Amino acid sequence: WNSIAKHMMDENSDICVPRRREAEFQRSYPIEQFHSEMFANYMLNSIGSKLNLPAIDWTNGPVAFRATQAEHWLRYTGEL
């Protein structure tokens, strides 16, 4: 978390979604989960590219954001 917080401060970012290295991800997860999450990421990044979103690791668990952004996260009432 320290490196994530430092990166966010250095880049003046509001949100940070860490990305897993594909080779390490594949070695450390069951192969079915690796393929399932890679497929989901490819699909979501394909949709996101049409909205000019950067490619991210959508299925990676940790997400960091500035406390000032928490109200947006908490007010969201749509599907997750």
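Asn-52 lies in the loop between helix 3 and strand 2 (64-65), where helices (H or I, at least four residues) and strands (E, at least two) are DSSP runs numbered from the N terminus. Asn-52 has a positive phi of about 60° although it is not a glycine, and with a relative accessible area of 71% this residue is exposed; throughout, buried means under 20% relative accessible area, exposed over 50%, and partly exposed in between (1.4 Å probe, protein chains only). A positive phi, of about 55°, is also found at Asn-12, again not a glycine, which is located in the loop between helix 1 and strand 1 and counts as exposed at 61% relative accessibility.

The structure is a predicted model, in which local features need pLDDT of at least 70 and side-chain atom pairs count only at pLDDT 80 or more, whereas totals for chains, interfaces and linings use all residues. Residues are numbered from 1 along each chain as its sequence is written, and side-chain values use heavy atoms, with hydrogens and water left out.

Four helices and two strands make up the secondary structure of the protein, and from the N terminus on these elements run α-β-α-α-β-α. The C-alpha trace spans about 40 × 30 × 20 Å along its principal axes, and 19% of the 80 residues count as buried. Of the contacts (heavy atoms within 4.5 Å) between residues at least 6 apart in sequence, 53% join residues at least 24 apart. The protein exposes about 6600 Å², of which carbon and sulfur atoms supply 58%; these accessible areas come from the Shrake-Rupley method with a 1.4 Å probe, and for residues only the protein chains shown count as cover.

With Lys and Arg counted as positive and Asp and Glu as negative, and with His and the chain ends not counted, the protein has 8 positive and 10 negative side chains. The centres of the two sets lie 4 Å apart, the place of each charge being taken as NZ of Lys, CZ of Arg, CG of Asp or CD of Glu. Side chains of opposite charge can pair when their charged atoms come close. A search of the whole structure finds six salt bridges, each defined as a side-chain nitrogen of Lys or Arg within 4 Å of a carboxyl oxygen of Asp or Glu.

One of these salt bridges joins the side chains of Asp-10 and Lys-6, with an N to O distance of 2.6 Å. The two residues are four apart in helix 1 (residues 2-11) and are therefore separated by about one helical turn; Asp-10 counts as exposed at 51% relative accessibility, while Lys-6, at 48%, counts as partly exposed. In another salt bridge, between Glu-24 and Arg-21, the closest N and O atoms are 3.8 Å apart; here Glu-24 is partly exposed, with a relative accessible area of 39%, and Arg-21 is exposed, with 60%.

Arg-20 and Glu-37 also form a salt bridge, their closest N and O atoms being 2.8 Å apart. Arg-20 lies in the loop between strand 1 (15-16) and helix 2 (22-28), and Glu-37 in helix 3 (residues 31-50), so that the pair ties together parts 17 residues apart in sequence. Both Arg-20 and Glu-37 are buried, and together with Asp-57 they are linked in a network of salt bridges.

Asp-57 is found in the loop between helix 3 and strand 2 and is buried, with a relative accessible area of 4%. The side chains of Asp-57 and Arg-20 are joined by a polar contact of 2.8 Å, a term used for a pair of N or O atoms within 3.5 Å; within protein, one must be able to donate a hydrogen and the other to accept it, and residues adjacent in sequence count only if both atoms are side-chain atoms. When residues up to four places away in sequence are not counted, Asp-57 touches Val-17, Pro-18, Arg-19, Arg-20 and Asn-41.

Asn-41, a residue of helix 3, counts as buried at 7% relative accessibility. Beyond residues up to four places away in sequence, Asn-41 touches Arg-20, Ile-56, Asp-57, Trp-58 and Thr-59. Asn-41 and Thr-59 are 18 residues apart in sequence and 6.6 Å apart in space, C-alpha to C-alpha, and a polar atom of the Asn-41 side chain lies 3.1 Å from the backbone nitrogen of Thr-59.
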